[in-house]
Amino acid sequence: MRPDDKKTNRNPPPAADAEPLLGSDGDLDEIDALQPFEGDAPSQETSVVSLADFGLPTKPAAPPSGSLAGAQIEPLPPEIKVVLEFKSGPAATRLTKTVTVIGRAQGVADVAVPDDGQVSRQHAAVVFAEGAFFLEDLESRNGTFLRGERIKRVKLDMLAEFSFGSYVARLRKPK
């Protein structure tokens, strides 16, 4: 890079013998053929560091919106035994984590429900925080409802029915 390139914020011209990144016809086949980066080898330019090395907190902070679903996901305390039960749809599921996402996307949601055209990929979350369960809508298009009212986040009592799309669910103690 020439000294005056920094001042004018211009990129230097490519070297004459450099191969173009894209094929001559401009398609991305050559880039698509590249393998994913597998660079586990340390280099002089980079090293792995911890946030603690800089005196920064290692637990992620809650998002600015105050979303409980953005909290760190941990196992539920062993004395907390709760089941998420649907009136129709998926089988009852024992909750094992502090954040359980419900939605239509298998592999993305912890509890996947069949797509009924009204459920988002990540629709709602059941969150255990401060010794209680909360139901939080994850900015779904069609909403999450408790007792017929659309909610953003609400404390969830045992056996209180909530709904999203065509599904009705509740939390209960295991039998």
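Analyst: Gladly! Let's start with a pair of residues: Thr100 stands opposite Val126 in S5. This is a predicted model, so local features need pLDDT of at least 70 and side-chain atom pairs count only at pLDDT 80 or more, while totals for chains, interfaces and linings use all residues. Residues are numbered from 1 along each chain as its sequence is written, and side-chain values use heavy atoms, with hydrogens and water left out.

User: What makes S3 and S5 a pair?

Analyst: Two strands (DSSP E runs of at least two residues, numbered from the N terminus) pair if DSSP finds at least two bridges between them. S3 and S5 have 4 bridges and run antiparallel, so they pair by that definition. S3 also pairs with strand S4 (residues 111-112), in the parallel sense over 2 bridges, and there Ile102 stands opposite Val111.

User: Why is S4 called an edge strand?

Analyst: The open sheet has 5 strands in the order S4-S3-S5-S6-S9, with mixed pairing. S4 and strand S9 (153-155) each pair on one side only. For S9 that partner is S6, joined to it antiparallel by 3 bridges; one of the facing pairs is Glu136 with Arg153 in S9.

User: Why is strand S3 described as largely enclosed?

Analyst: Buried means under 20% relative accessible area, exposed over 50%, and partly exposed in between, with a 1.4 Å probe and protein chains only. In S3 (residues 99-103), 5 of the 5 residues are buried, so the strand is largely enclosed by the rest of the structure. Val99, Val101 and Gly103 point one way, Thr100 and Ile102 the other. In a regular strand the side chains alternate between the two faces of the sheet.

User: How do you know that Glu85 is buried?

Analyst: Glu85, which lies in strand S1, has a relative accessible area of 17%, so it counts as buried.

User: What makes the link between Glu85 and Arg170 a polar contact?

Analyst: The term needs a pair of N or O atoms within 3.5 Å; within protein, one must be able to donate a hydrogen and the other to accept it, and residues adjacent in sequence count only if both atoms are side-chain atoms. The side chains of Glu85 and Arg170 are joined at 2.7 Å, and those of Glu85 and Arg172 are joined by a polar contact of 2.7 Å.
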